[in-house]
Amino acid sequence: MSTTQSERLRELLEPLVSSQGLDLEEIAVDSVGRKRLLRVVVDSDTGADLDRIADVSRALSAKLDESDAMGDEEYTLEVGTPGAERLLTEHRHYVRATGRLVAFQLAEGDEVTARILDVDADGVAVEVPGVKGRKPTARRLAFADVTRARVQVEFNRKDKQDVQDVQDQKNVTETEEEEA
């Protein structure tokens, strides 16, 4: 996609996405055979559920239909969210990833996988998980030292709330057994 087309699409679509309470994260136009695919990635601090995605998709489709931004050729509009393993490229991405496990590539060549605890204007406070029974350690990473950061998928993570829910359920079960 040419820079001119990308800029035109961003200028056309960003105000509409913003009016829906979302951020326009990415626009990409790909050729799929004879057709084109316009991918629009949106997000917000509170996430974007299917209803919000459908609403913004309808609004974007109508706006694109009334403009000539995509030309006369057929295209498919695909609207979605960044996905589970998103790259963190903007300050707001780091804020949204607070509490998540992230793989950081550092300018000095090191790699650090850590949980984001806090984000400020200059960098992130992270907790590096302990290995082989060791306790986690706190660390500060300046944005200037981070060359790449990607959220990691966690399948078996137990949040403090998850642990509390399990304990509460156990207590309810024990109480029911005692009463029986």
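**Reading the fold and its contacts**

Modeller: The backbone nitrogen of T89 lies 3.0 Å from a polar atom of the H93 side chain. Please bear in mind that the model is a predicted one.

Colleague: Is H93 buried or exposed?

Modeller: The test is relative accessible area, and a residue counts as buried under 20%. H93 has a relative accessibility of 3%, so it counts as buried. The residue lies in helix 3, which covers residues 91-96. Leaving aside residues up to four places away in sequence, H93 touches E25, R86, L87 and L88.

Colleague: Let us turn to the strands. How many strands does the open sheet have, and in what order do they run?

Modeller: Strands of a sheet pair through backbone hydrogen bonds, in either a parallel or an antiparallel sense. Here the open sheet has 3 strands in the order 1-2-3, and the pairing is mixed. Strand 1 (23-32) and strand 3 (75-80) form the edges, each pairing on one side only. On average, neighbouring strands are turned by 15 degrees against each other, direction ignored.

Colleague: In which sense do strand 1 and strand 2 pair?

Modeller: Strand 1 and strand 2, the latter spanning residues 35-43, are antiparallel and share 9 bridges. Within this pairing, V29 stands opposite L38 of strand 2. Helix 2 (residues 50-66) packs on the sheet, where it touches strand 2 and strand 3. The direction of helix 2 makes about 150 degrees with that of strand 3.

Colleague: Which residues of the largest nonpolar core touch the most other members?

Modeller: In soluble globular proteins, nonpolar side chains tend to be buried together. The largest such core here has 17 residues, and L9, L38, V40 and V42 touch the most other members. Helix 1 (3-19), strand 1, strand 2 and helix 2 each supply at least two residues. The greatest contribution, 4 residues, comes from helix 2. Apart from this core lies another, of 16 residues, including Y94, V126, L141 and V151.

Colleague: What does L38 touch?

Modeller: Not counting residues up to four places away in sequence, the partners of L38 include L9, I27, V29, L64, M70 and L77.

Colleague: How many salt bridges does a search of the whole structure find?

Modeller: The search finds 18. In one of them, the side chains of D23 and R96 meet at 2.2 Å, N to O. This pair links distant parts of the chain, for D23 is in strand 1 and R96 in helix 3, 73 residues apart. D23 is partly exposed, at 24% relative accessible area.

Colleague: With which residue does D43 form a salt bridge?

Modeller: The partner of D43 is R86, with the closest N and O atoms 2.7 Å apart. D43 belongs to strand 2 and R86 to the loop between strand 3 and helix 3, so the pair ties together parts 43 residues apart in sequence. D43 is buried, at 8% relative accessible area, and R86 is also buried, at 11%.

Colleague: Which residues are linked in a network of salt bridges?

Modeller: The network links D23, E25, D43, D45, R86, R92 and R96. A further salt bridge joins the side chains of E154 and R115 (2.8 Å, N to O). E154 lies in the loop between strand 8 (146-151) and helix 4 (160-179), whereas R115 is in strand 5 (residues 111-119). E154 is partly exposed, with a relative accessible area of 28%, while R115, at 16% relative accessibility, counts as buried.

Key
Residues numbered from 1 in each chain as written. Predicted model: local features only at pLDDT ≥ 70, side-chain atom pairs only at ≥ 80, totals over all residues. Heavy atoms only, no water. Pairing = 2+ DSSP bridges. Axes fitted to C-alpha atoms, helices over the stretch in contact; angles between N-to-C directions. Contact = heavy atoms within 4.5 Å. Core = buried A, V, L, I, M, F, W, Y, C linked by side-chain atoms within 4.5 Å. Buried < 20%, exposed > 50% of the residue type's maximum accessible area, 1.4 Å probe, protein only. Polar contact = N/O pair within 3.5 Å; in protein donor to acceptor, adjacent residues only side chain to side chain. Salt bridge = Lys/Arg side-chain N within 4 Å of Asp/Glu carboxyl O.
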